[in-house]
Number of protein chains: 2
Amino acid sequence: MAVTGPGRPRRGPGMTEVARAAGVSQKTVSRVVNGEPHVSPEVRDRVLRAVQELGYRPNNAARALLLGRYRRIGVVSLGSALYGPSTLLLALERAMHRVGYSFALAGTLEGQPVQVAVEALLEQGVDGIVLSEPIDDGAPLRLSADVPVVSLGEGVEVGQGRSAVVGADGLVAARIATEHLLSLGHRTVWHIPGPHDWWAARDRVRGWREALAAAGAPEPPLPVEGDWSPASGYAAGRQLAGLSDVTAVFAANDDMAIGALRAFAEAGLSVPGDVSVVGFDDIPAAAYLSPPLTTVRQDFTAVADRAVDVLIAMIEGGPAPAERTDIPVELTVRASSGPVREPAPPLR
Amino acid sequence: MAVTGPGRPRRGPGMTEVARAAGVSQKTVSRVVNGEPHVSPEVRDRVLRAVQELGYRPNNAARALLLGRYRRIGVVSLGSALYGPSTLLLALERAMHRVGYSFALAGTLEGQPVQVAVEALLEQGVDGIVLSEPIDDGAPLRLSADVPVVSLGEGVEVGQGRSAVVGADGLVAARIATEHLLSLGHRTVWHIPGPHDWWAARDRVRGWREALAAAGAPEPPLPVEGDWSPASGYAAGRQLAGLSDVTAVFAANDDMAIGALRAFAEAGLSVPGDVSVVGFDDIPAAAYLSPPLTTVRQDFTAVADRAVDVLIAMIEGGPAPAERTDIPVELTVRASSGPVREPAPPLR
DNA sequence: TAGAACTTTGACTACGTAGTCACAAACCTC
DNA sequence: GAGGTTTGTGACTACGTAGTCAAAGTTCTA
């Protein structure tokens, strides 16, 4: 019996109706629509005209049901509007558009395991999944999915499925930022960290540590942990401003750097005169702060492009790449970082 | 014949396999999975156990093909990582999650008509469309879609379909910001506008004009049009700094306000001593700038919730609401705006 | 010019799901 | 205890598409 309840929406014409209009079989319409060979020019024209007239639009659900392929990629995101994550998200959309895939987003709610979002995407139907700005609860992230997964950060264990890792090189970036400050003559560099359950934040801490160790600089204690917000950077900045020997600070993102700048200003410390500050992200406002902020820029477009390319390769049956891919980063030096100030000259 | 080419991915079990395992019919599995009544507890248990064991996951493509409903909403976005748009996007995702819909995103590429993105969403299969941060080329936006459309901004003409408008009240917001500055004693208020093809930008210009007119204040000319970026705000700020009678500036967003602040600082103008500045958005950094920025906050969560509710109502067959919905805004006064400075006192 | 090879077209089918209907069994109601 | 209603279950079907195969027509080859 026909399924035609009252709540059922009108549908557009299908291939069968186009076929009738063009006087051919449904299969021939399928061939024309999909650009398959072995269709005579006249028939192709007739079909295309009918498509035009009827306003035919392919039904992706039917195609997906038949083929088991959706031409859709799911993205799991924390759903924060932070500069990095949102820029990345939009870059992913563009990258998927480029390869003809559509974009489905699932946010993870606080306290919920990532698997919940993955499940939602799988149910909706996706050929692959990108894990953006991932966090974890300490233990390495384990997922179950029957499609390939690309993680933008650390590796993920995916039961039964293939997975790969693509990321901006946060570790190297943090090292570069720290080395920049050390090269200006600072004895050591303090770090305002992001939340420890973010992989990106941990990477930056590690990079900072490595740079200090490599230079033989002492590793100062971490101030209160930030949450990426200017408010948390301000809190950390106040702590640091209270210490006497802080001359260089590397904040895990620009927003926290902004908060720290504010704290230093309120404490009467000049930047970079008394304290040098380096941020992370190169948000558009960075160059227009007072003082303009030295920071590290990640190439989110490159990360997204690479992530999608890797994912598509796996979707099409290729093996998971053995190595992670890291996209290089770039340090932009502005006025907020400068040479260490001479110790107050003795009375002359 | 079975469709089983080599490129075809393995699929999970379907209801039929679950049914076999549980010793019932496929239809009964359907009843259990969808929580329909008239299933005996024992059978329900048996089915649920089989579902668990086999790792059954509903196939949304099949459901959609049958019902013509996707439980998916498409969002058309400009794809800019600006604070407002990205915050809105993520709020939309959450709102859709709340009502059990999934989220599909289509970005409009520069120079391409919005209809292209709409078409992509329709082809992929969505029950409704949200037009976020929309722009137009001067002429009112006309779309063709056979699903309901909610525009977050101005009205859109949708051929054959129903449509509604939900927005933060940018007009009122701009009026409030302007009135705030006038109430501090400024003779008039200058405006740094956003791009004129953004509805939001035009709204703010109109609100500013209305407030000036209502107060009988003269309407100063607009400086160079901004593009929402700090750089463009800086350029406009330099223009304004060169004029002698500028004491109050309302920038169409916080980023441009940041640029303007920088320009004023470089010109030796103090804020708010010489010039008061008000922004728009209340980005997290606004409170930590030097000086902290007076700005207007929009409630994106409320906008998104309302937009999704309205859309769902239309999807479920309801009529399009006749009136647009506007979400109230809130002015946050900080240190960047202050009373007009007394004219330089005559020599005493 | 016979047969092989290719081109063009269509009939048939399956993908996984939920609506419709049929029917048996259990439960009422008076 | 006859008639009616409700409950529980399954058979059958359609949704729109593309793969498979068959068949007729056309061109090429020896």
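Predicted model: local features only at pLDDT ≥ 70, side-chain atom pairs only at ≥ 80, totals over all residues.
**Entry 1: DNA strand D**

I started with the surface near DNA strand D, where α2 and α4 of chain A, together with α2 and α4 of chain B, each supply at least two residues. Helices here are DSSP runs of H or I with at least four residues, strands are runs of E with at least two, and both are numbered from the N terminus. A residue is near a strand if one of its heavy atoms lies within 4 Å of it.

Residues are numbered from 1 along each chain as its sequence is written, chains are lettered from A and ligands numbered from 1 in the order in which they are written, and side-chain values use heavy atoms, with hydrogens and water left out.

I then asked which helix gives the most to the surface near DNA strand D. It is α4(A), with 4 residues. In total I find 30 residues around DNA strand D, and the closest are Met15(A), Gln26(A), Tyr56(A), Thr28(B) and Arg31(B). By class they divide into 14 nonpolar, 9 polar and 7 charged. For these classes, Ala, Val, Leu, Ile, Met, Phe, Trp, Tyr, Cys and Pro count as nonpolar, Asp, Glu, Lys and Arg as charged, and the others, Gly among them, as polar.

Next I looked up some atom pairs. A polar side-chain atom of Thr28(B) lies 2.5 Å from a phosphate oxygen of DNA strand D.

**Entry 2: DNA strand C**

I turned to the other DNA strand. DNA strand C is surrounded by 30 residues, with Thr28(A), Arg31(A), Met15(B), Gln26(B) and Tyr56(B) the closest. Here α4(B) gives the most to the surface, with 4 residues. The class count is 14 nonpolar, 9 polar and 7 charged.

What part of DNA strand C lies within 4 Å of the protein, sugar or phosphate, or bases? I get 60% of those atoms in sugar or phosphate, with the rest in bases. A backbone N or O atom of Met15(B) lies 2.6 Å from a phosphate oxygen. On the base side, Lys27(B) has a polar side-chain atom 2.7 Å from a base nitrogen, and a backbone N or O atom of Ala62(B) is 3.5 Å from a base nitrogen.

**Entry 3: Cavities**

I searched the whole structure and found 3 cavities of 30 Å³ or more. A cavity is a set of points, on a 1 Å grid over the protein atoms alone, where a 1.4 Å probe fits but cannot get out, and its lining residues have an atom within 4 Å of a point. Grid points are joined across faces, edges and corners, and the volume is the space filled by probe spheres set on the points.

The largest cavity holds about 70 Å³. Both chains line it, and among the lining residues are Asn60(A), Tyr70(A), Gln124(A), Asn60(B), Tyr70(B) and Gln124(B). The elements giving two or more residues to this lining are α4 (60-67) of chain A and α4 (60-67) of chain B. I count 6 nonpolar, 4 polar and 2 charged residues in it.

The second largest cavity has about 40 Å³ of space. Ser86, Leu89 and Leu90 of chains A and B line it, and α5 (83-98) of each chain supplies at least two of the lining residues. Its lining has 4 nonpolar, 2 polar and no charged residues.

**Entry 4: Gln124(B)**

I followed up one residue from the lining of the largest cavity. Gln124(B) sits in helix α6 (residues 114-124) of chain B. Is Gln124(B) buried or exposed? Gln124(B) counts as buried because its relative accessibility is 6%; buried means under 20% relative accessible area, exposed over 50%, and partly exposed in between (1.4 Å probe, protein chains only).

Its side chain makes a polar contact with the side chain of Ser102(A), at 3.3 Å. A polar contact is a pair of N or O atoms within 3.5 Å; within protein, one must be able to donate a hydrogen and the other to accept it, and residues adjacent in sequence count only if both atoms are side-chain atoms. Leaving out residues up to four places away in sequence, Gln124(B) touches Asn60(A), Arg72(A), Ser102(A), Tyr70(B), Arg72(B) and Ala104(B), where contact means heavy atoms within 4.5 Å.

Note on methods
1 Å grid on protein atoms, 1.4 Å probe; cavity = no way out; pocket = protein on both sides within 12 Å on 5 of 7 lines; lining within 4 Å.
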